[in-house]
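Hi everyone, thanks for making time this morning. Let me put the structure up on the screen, and then we can walk through it together.

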Protein chains: 2
Amino acid sequence: MAPPEAGKVTLEMVAAAAAVSPSTVSRILNGTAVVSGDKRSAVEEAIARLGFVPDPVARGLAGGRTLSIGIVTRTLDTPFFGGALRGVEEELGRAGYSPLFVSGHGNAAHEARCIGTLRSRRVDGLIVLDGRIGDTALGAVAQGLPVVVTGRTLKAPGLYSLHFDNFEGGRLATHHLLSLGHRRIAFITGDARHADAKDRQRGYRAALEAAGLVFDPALVVPGSYTEDSGRMAVERLLDSRAPFSAIFAANDQMAFGAALALHRRHLHVPGDVSLVGFDDLQSAVFSIPPLSTVHHPAYELGQLAAGAMLQLLAGETPTARLPVPRFIVRESTRSVG
Amino acid sequence: MAPPEAGKVTLEMVAAAAAVSPSTVSRILNGTAVVSGDKRSAVEEAIARLGFVPDPVARGLAGGRTLSIGIVTRTLDTPFFGGALRGVEEELGRAGYSPLFVSGHGNAAHEARCIGTLRSRRVDGLIVLDGRIGDTALGAVAQGLPVVVTGRTLKAPGLYSLHFDNFEGGRLATHHLLSLGHRRIAFITGDARHADAKDRQRGYRAALEAAGLVFDPALVVPGSYTEDSGRMAVERLLDSRAPFSAIFAANDQMAFGAALALHRRHLHVPGDVSLVGFDDLQSAVFSIPPLSTVHHPAYELGQLAAGAMLQLLAGETPTARLPVPRFIVRESTRSVG
DNA sequence: TTGTACGCGTTATCAC
DNA sequence: GTGATAACGCGTACAA
């Protein structure tokens, strides 16, 4: 039972207790050099007995690592990113690293400022979750700091990108609807400034064309990944009187909004219109009816990103890859009657 | 246009450029002492010209502040806490502070360990969002560090507690159902290890008794704040064959699960059973039907907690208070027919 | 293999 | 008011 909060045990005190020099203790801590077995055990014993914990702040100043890594994300309080953050936190925590979360608010300038703050705090690495910062700017950052990005494919030294196949996901969702006999499939887009949103839409269009259907712009309505934008999109769609039998929302949140709009107009899902989303949020299982959607592993994404960062930090080359998209059939779709 | 990432401008360089001593620059930065106007402007000019940014790490080591504050929360990826984290981040960011988020995983021991890590990182303060750590342990922490807690009422030096009236919220929700004529109101509890869960339940019971009803233990089913626990609670309730016309779930997530269970049994909300939740998550507006619930301001909670921390840090005595609970009537409740 | 001395960038404590 | 000087706790050349 080590003393829980005894007044600061320093490396120097450990050195004194073990009758060695501070550098030797440091070496053992960092594995910087080989030390003889007897001194090593003496030091380790002293560390345990005194309950020594290295000070990350001092470590950072001394040019070493801060054991903290910065995470910039689009949002903090969105279900998808929440899951990713949890994955990052757990994976990083396992290795003794602490995450520094900041949200870019979907704003490239703000994002750049956040990255600046993070660097000033000397994070050992940077994980950018679907950020909006430009590729070249990111590449520049990566020159002085290991970087892991998601949501884009990018090659650069010291940078690893983890890419989820949003195109394929969009294709799968649309294909599911097609296979059910739907021919007039509406699409609610995500924020067009994000690559993932564009990719999902491309997938939608590709599936349509593969089925020999002509793409109808009247069936595409803009959204912005929020529930309310999904609701409004459907209202607009309905008001336009363009006929359709199914809706593919570019994310689950918009699908939920869409479901409500349909409900308000006394349209039944899936009886009157089939509905599919994208992301497979936990709440997709509990919506009424449970939502058919593309599985997008948020938690796993966070875990893998953090794992890749840890590998980068260790001088290894990450090999992690995201699983391929799968479509989850629940109860929001039905074959056209 | 300041050089974006010019190689480290230090305080010492600023001092040289302004022809003053480092101490003077430091004094101006921290407002530690009065300096003459001319030197002050010279320094400010140099700071701006060189684009100097103080190094938080060095600051921390020097015994000063790290400008970072630790946040321990129950979970990272729950809608309610997500909102709170956003509030904390924004309010803190405004003042130049960075949040260090960690989740306690609803485990007191893990929480204590997290707090230890946070302290080793020299956070300037600690915000505990509905944590499970004991009051005395928390009081001890508060002796060396400003602390803001939510979810409990606690008086101690250097500690400020922000309390939401969960009892009143529980009472309000139950009262709403009562006023609609319901007499057999089931209650799905939260995790009994949390004070908020117990308070909500006490509110439920108080409202019942105020209405002259006898409390029926058969109508109380345990949950754990997750959607699935709400679903299972309702199934258990239905299987018990205890009659009821309304359900009060101790949080919205469980209400969503409850709604699904009801749906599966072909019971209509609010036609067959009225349903109310607690928290007023963003998704409550978009559930089908939209959920009547107790408004629990997550974002505001985070903001206020962060604001109180900032005041504590400034040596002031926080005065922030959470608004009183309000019940939001939507479409999941109906008077008994 | 191990110890010494210095530096990281800033604040605090003294003198002036 | 202002400027030296000493920490803060650790990593790391360099020397031994």
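The surface near DNA strand C divides into 14 nonpolar, twelve polar and five charged residues. For these classes, Ala, Val, Leu, Ile, Met, Phe, Trp, Tyr, Cys and Pro count as nonpolar, Asp, Glu, Lys and Arg as charged, and the others, Gly among them, as polar.

Before going further, a word on what you are seeing. This is a predicted model, in which local features need pLDDT of at least 70, side-chain atom pairs count only at pLDDT 80 or more, and totals for chains, interfaces and linings use all residues. Residues are numbered from 1 along each chain as its sequence is written, while chains are lettered from A and ligands numbered from 1 in the order in which they are written.

Back to strand C, then. It is surrounded by 31 residues, and the closest are A:Val35, B:Leu11, B:Ser26, B:Ala62 and B:Gly64. A residue is near a strand here if its C-beta atom, placed from the backbone, lies within 6 Å of it. Which elements each supply at least two residues of this surface? They are α2 of chain A together with α1 (11-18), α2 and α4 of chain B. Of these, α2(B) gives the most, with five residues. The element names come from DSSP runs, numbered from the N terminus: helices are H or I with at least four residues, and strands are E with at least two.

Now for the other strand. Around DNA strand D there are 31 residues, of which A:Leu11, A:Ala62, A:Gly64, B:Ser23 and B:Val35 come nearest. Two or more residues each come from α1 (11-18), α2 (22-30) and α4 (56-61) of chain A, together with α2 of chain B. On this surface α2(A) gives the most, with five residues. By class, the surface near DNA strand D has 14 nonpolar, twelve polar and five charged residues.

How are the two protein chains related? A rotation of 180° with 0.0 Å of shift along its axis superposes chain B on chain A, with an RMSD of 0.1 Å. The two copies are thus related as by a two-fold rotation axis. The superposition is by least squares on the C-alpha atoms of residues with pLDDT of at least 70 in both copies.

On to the interface. Here 34 residues of chain B are in contact with 34 residues of chain A, where contact means that the C-beta atoms, placed from the backbone, lie within 7 Å. In chain B, α4 (56-61), α5 (79-94), β2 (98-103), α6 (108-120) and α11 (252-264) each supply at least two residues of the side that touches chain A. The largest share, six residues, comes from α5(B). By class, this side of chain B has 15 nonpolar, twelve polar and seven charged residues. And 100% of the interface residues of chain B are also interface residues in chain A, so the copies meet through the same surface.

Next, a helix pair in chain B. The axes of α2 (residues 22-30) and α3 (residues 37-50) of chain B come within 10 Å and cross at roughly 85°. That makes α2(B) roughly perpendicular to α3(B), a label for angles of 65 to 115 degrees, with under 35 counted as roughly parallel, over 145 as roughly antiparallel and the rest as oblique. Axes are lines fitted to C-alpha atoms, for helices over the stretch in contact, and angles run from 0 to 180 degrees between N-to-C directions. B:Thr24, B:Val25 and B:Ile28 of α2(B) make the contact with B:Lys39, B:Arg40 and B:Val43 of α3(B).

Over in chain A, there is an open sheet of five strands with parallel pairing, in the order β2-β1-β3-β4-β5. Strands pair if DSSP finds at least two bridges between them. β2 (98-103) and β5 (159-162) of chain A stand at the edges, each with a single partner strand, so one side of each is left without a neighbour in the sheet. The twist averages 20° from one strand to the next. Helix α5 (residues 79-94) of chain A packs on the sheet, touching β1 (68-73), β2 and β3 of chain A, and its direction makes about 160° with that of β2(A).

A:Pro289 is found in the loop between β9 (274-279) and β10 (292-295) of chain A. Thanks, everyone!

Conventions: Two residues are in contact if their C-beta atoms, placed from the backbone, lie within 7 Å.
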